[in-house]
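Hi,

Here is the two-chain model for you to look through. My notes on it follow below.

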Amino acid sequence: MLTTLILVPLVGALVIAALPAANARVIALGVTAVTLGLGIAVAVMYDVDGGMQLTEQVSWIEAFGVHYALGVDGLGLLLVLLTVVLVPIVLVADWDAGDENPKAFYGWVLALEALSLAVFLATDVFLFYVVFEATLIPAYFLVGGFGKAGRSAAAVKFLMFQLGGGLVLLASVIGLYVVSAQQGTPSYLLSDLMALDIGTEAGRWLFLGFFIAFAIKAPLFPVHTWLADTTEKATPGTSVLLVCVLDKIGTFGMLRFCLGIFPEASQWATPVVVTIAVISIIYGALVAIGQDDVLRLIGLTSLSHFGFITLGIFVFSSQGGSGAILYMVNHGLGTAALFLVAGYLIKRRGTTLISEMGGIEKVTPVLAGLLLVAGLATLGLPGLSPFVSEFLVLLAAFDYGWWVGAFAVTGIVLAAIYVLWMYQRIMTGPTPPEVEATPDGTLREIAAVAPLMVALVFFGFFPKPLLETSNPYVADLMIHVGVTDDEPTVALAEEAGR
Amino acid sequence: MDFINPTIEYAELSPLLIVMGVACLGVVVEAFLPRERRHVVQSTLAGVGVAAALGATIAVGLNLDPAGTDGAGQGLVGAEGSIVVDGPTIYLWGLVLVFALGGVALFAERRLEAGISAFAGQAAAVPGTDAEREASTKGLAHTEVYPLLMFAVGGMLLFPASGDLLMMFVALEVLSLPLYLLCGLARRRRLLSQEAAMKYFLLGAFSSGFFLYGMALVYGYAGSMDFAAINEAVVNGADNEILLMLGIALLSVGLLFKVGAVPFQAWTPDVYQGAPTAVTAFMSAGTKVAAFGAMLRLFYVALGADRWDWQPMLWVVAILTMVVGAVVAIAQTDVKRMLAYSAVAHTGFLITGVLGLQSAGELADGQVTSLQAVLFYLTSYGVASLGAFALVMVVRDANGESSSFVRWTGLGKRSPLVAGLFAFFLLSMAGIPLTAGFVGKWAVFTVAMSAGAWPVVLVAIASSIVAVYFYVRFIRLMFFTDPEPGAEVAEVTTASPLTGLTIAVCAAATLFLGVVPGPVLDLAVHAGDFIR
């Protein structure tokens with residue numbers, strides 16, 4: 001089942017490469033729709049009680065102790081669903097992004113979808129590493145091939161950062177092999193590695209490699225510099241795939257591998273990681289305020305959000321863990337909406353600079369409304385789903401130490417500034433004569449982002465499905481890490497939702 | 001004095017004998033056949049000869065007997081102790097012969113130059129003279145390249161199979177001399193080609209001298225040329241250890257020169273650039289396989305017990321080679337030179353694997369050994385290198401092959417297939433997952449890490465990042481950069497089916513080894529250990 005889920009978009013990519021360009025978009029939409037269906041089927045088959053499910057395991061490279069092993073748990077399921085939902089939305093919203101070279105665009109998008117799904121489903125560290133690195137190739141060609149001038153330099157910068165992180169990770173992956181070989185038979189299965197007794201010192205070094213790679217991926221301060229350059233030059237659709245899907249691998253990896261394989265080292269590193277996370281929250285928000293390029297701005301807000309997610313992960317409590325997982329989903333929904341609506345506006349105004357937009361609110365009230373909802377979601381307005389996750393993370397942060405919470409809370413204030421000020425500068429003000437005839441959002445554009453808007457509102461009032469999926473995973477993880485907290489967290493979380 | 005009639009195991013040595021025999025036959029053909037028929041006959045002969053040798057290798061490989069004291073190896077020590085046919089030998093033979101098949105196919109390419117081969121019409125004609133023009137208007141072409149190629153292949157087969165230092169030296173010369181000649185035979189840009197050949201020859205001759213001197217010193221230490229006897233002397237700790245130290249150092253110079261390791265890498269870029277690209281393609285893959293095979297045998301079989309002395313030296317060489325290769329490659333503006341420096345960097349990665357030697361007791365059950373890792377890396381690098389150079393052959397402008405970066409700008413828009421394949425080979429060399437290069441890199445890094453050489457692995461990873469930069473930059477140049485308006489650019493010329501097939505096979509192998517490396521790794525595992 002899970003293999004089928006990965007194979008469908010992969011085969012779709014190959015079909016697109018083989019057939020004439022005219023069919024590319026239709027095939028891509030069809031394939032992503034089928035993948036969406038399969039993703040929902042996986043969710044239906046998933047038993048909400050938790051644990052690795054629908055597992056598949058075949059020996060792949062015997063000499064290396066490597067298995068082709070897939071499985072889905074609460075964390076994986078949410079991210080798989082996020083992926084299969086976002087890809088078709090991006091294709092519909094960014095309708096003509098690939099017109100220059102449709103075969104390449106749709107082929108790479110589908111390849112990216114397939115590899116991302118494999119990343120979230122892999123339960124073998126080697127397999128994870130392989131697909132983790134392989135996602136970079138489609139991403140590189142999407143950034144380098146589509147977008148505005150200067151994108152090829154941005155693509156190289158993106159790839160260099162990512163591959164650099166990847167190679168650091170490789171050192172740790174190899175180290176894991178050596179450690180597991182020393183203790184008998186080498187194996188890369190996650191279940192074997194989680195049971196492995198890695199020495200304290202070795203564990204800390206190996207943890208470092210994993211964490212650096214995921215910090216670059218997520219990204220966190222100070223290895224975030226590729227992020228804004230990439231989102232600025234790429235198309236809004238590509239940015240959604242990069243920031244809302246691919247970057248999740250960073251925080252996903254922290255949960256699954258850093259905490260899963262190196263519980264001791266993760267707790268040892270907590271003070272530093274929490275500091276980095278808080279700096280990312282504040283720094284990202286501050287820098288975002290000063291941006292004039294709307295795509296850069298949205299990119300940098302994500303730095304702040306990834307700071308929140310990392311904070312939630314590394315404060316080691318059920319609230320923090322659940323909050324972080326919810327945050328990953330909500331950030332995916334909210335930021336995707338923001339990128340795509342900004343993309344609509346950019347198309348109409350022919351510029352990405354906020355200072356040159358202005359005054360379009362009255363002409364395009366629907367787009368203004370969409371931008372406002374997406375923006376309010378980003379700043380964590382109660383009633384929209386990001387509020388729930390932000391609240392949980394902050395609660396956990398205060399629990400960890402009041403000063404951490406106090407610093408992190410400023411992120412919310414700053415978020416209000418960058419979102420509202422952005423909205424004000426893009427939308428309000430006197431309407432320039434040349435934009436009088438600007439068409440409002442078309443049916444296709446509105447339909448594309450409508451599911452995101454509905455989800456933001458729905459999960460804002462009713463986060464239970466998300467929490468029920470993530471809580472068993474977090475509970476297992478906390479037991480594995482050896483942390484117990486006695487507050488009734490689920491009840492609290494539900495209160496937070498209302 | 002008694003004269004003992006040597007016994008030769010003809011069946012086990014048949015691949016070697018076939019190749020050498022075909023090479024001699026080629027010389028005869030050259031003497032007796034009219035010029036216009038030679039090309040077809042020679043290329044067919046060489047192709048059939050290599051294929052037959054490959055078949056013989058497989059047959060021999062399937063019938064190896066267990067050997068060695070601990071039963072870890074299989075095969076036999078033949079030709080009175082001077083040639084060893086064991087599992088690793090068979091693997092290396094197979095590899096060399098496969099690359100030789102590709103080499104023959106590329107040598108036979110005549111479509112790119114409109115019906116003539118890429119080799120000089122008359123090597124003796126001075127460039128720029130009437131004699132050269134006459135040779136070119138007559139449509140002359142040297143067909144001696146095929147026997148030369150076969151001799152080089154013969155030397156490459158013998159090199160990693162040698163059981164004593166003397167045979168190793170003979171093999172070194174047999175493989176080197178024809179290559180020196182082949183490098184100087186380019187049809188176009190002959191001065192560059194001849195300069196490359198001259199440099200290669202002079203430096204190669206020096207390095208052979210070092211090797212010879214090293215042999216003498218090791219003989220002085222061990223009292224024998226035989227690897228097994230040298231090993232015994234090392235284990236028992238004979239006197240005059242200083243002779244051994246110096247001997248190892250000098251032997252290493254000879255071998256490190258052949259593989260192009262720093263500080264003996266200076267010839268690599270000039271030779272790779274100047275030689276006819278078909279020769280570069282074959283040489284880059286084949287020589288590396290043969291020389292690393294010989295290095296493994298020398299270090300593991302003869303000097304394995306003394307590894308605490310040579311491992312530190314290899315640490316330094318590996319680190320220098322990787323760093324210099326990767327960093328200097330950034331400054332290149334010629335595709336062939338870039339690939340040459342990348343070859344230097346890959347030599348460093350291979351040495352990283354070589355220095356990962358551990359005794360069987362230190363390894364877990366089923367753990368990758370350094371021999372397996374190096375064998376796999378040679379396979380993965382060889383196919384990528386052969387394929388990449390073969391692609392360089394087909395990208396041309398009015399003056400023949402066009403390897404300057406400027407000419408390759410925007411190739412991805414003009415010929416997506418060729419640029420895509422080239423990018424694929426570069427990605428494999430960069431070690432991106434789902435290509436053969438990644439698995440190879442993983443393997444050599446792992447064995448080095450397992451042997452405690454983590455500083456080397458860290459440098460290797462840093463160099464990989466640098467290497468990724470110049471590969472990716474070149475991909476960007478092909479796909480995302482538009483040529484200057486009015487600038488002359490290179491176009492892809494349709495090549496003969498043989499060249500196309502070679503490229504296709506290399507690409508398929510690179511993908512296959514990246515996705516399903518199991519079968520080939522199993523071959524390396526089954527090859528077992530060296531025997532003495």
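**Strands in chain A**

Q53(A) has V72(A) in β2(A) as its bridge partner. This is a predicted model, in which local features need pLDDT of at least 70, side-chain atom pairs count only at pLDDT 80 or more, and totals for chains, interfaces and linings use all residues. Residues are numbered from 1 along each chain as its sequence is written, and chains are lettered from A and ligands numbered from 1 in the order in which they are written.

Strand β1 (residues 53–61) of chain A runs antiparallel to β2(A), and 6 bridges join them. Strands here are DSSP E runs of at least two residues, helices are H or I runs of at least four, and both are numbered from the N terminus; two strands pair if DSSP finds at least two bridges between them. The hairpin formed by β1(A) and β2(A) has 4 residues between the strands, and G65(A) in the turn has a positive phi of about 70 degrees. Strand β2 (residues 66–72) of chain A is largely enclosed by the rest of the structure, because 5 of its 7 residues are buried. A residue is buried if 20 or more other C-beta atoms lie within 10 Å of its own, exposed if 12 or fewer, and partly exposed in between, with C-beta atoms placed from the backbone.

**A helix pair in chain A**

Helix α15 (residues 318–349) and helix α16 (residues 365–378) of chain A pack at an angle of about 150 degrees, with axes 9 Å apart. That makes α15(A) roughly antiparallel to α16(A). Axes are lines fitted to C-alpha atoms, for helices over the stretch in contact, and angles run from 0 to 180 degrees between N-to-C directions; under 35 degrees counts as roughly parallel, over 145 as roughly antiparallel, 65 to 115 as roughly perpendicular and the rest as oblique. Among the α15(A) residues in the contact are G334(A), L338(A) and V341(A), and the α16(A) side includes L367(A), L371(A) and A374(A). Contact means C-beta atoms, placed from the backbone, within 7 Å. By class, the contact of α15(A) with α16(A) has 10 nonpolar, 4 polar and no charged residues. Ala, Val, Leu, Ile, Met, Phe, Trp, Tyr, Cys and Pro count as nonpolar, Asp, Glu, Lys and Arg as charged, and the others, Gly among them, as polar.

**Where the chains meet**

Chain A and chain B each give 31 residues to the contact. On the side of chain A that touches chain B, the elements giving two or more residues are α5 (125–134), α6 (136–145) and α7 (151–182) of chain A. The largest share, 17 residues, comes from α7(A). That side of chain A has 21 nonpolar, 8 polar and 2 charged residues.

**Chain B**

Strand β2 (residues 73–78) of chain B pairs in the antiparallel sense with strand β1 (residues 66–67) of chain B over 2 bridges, and with strand β3 (residues 83–86) of chain B over 4 bridges. G75(B) stands opposite D86(B) in β3(B).

An open sheet of 3 strands in chain B has the order β5-β4-β6, with antiparallel pairing. β5 (400–401) and β6 (491–492) of chain B are at the edges, each with a single partner strand, so one side of each is left without a neighbour in the sheet.

Finally, L158(B) lies in helix α5 (residues 145–161) of chain B. L158(B) counts as buried, because it has 25 C-beta neighbours inside 10 Å.

Best wishes

Definitions and conventions:
Contact = placed C-beta atoms within 7 Å.
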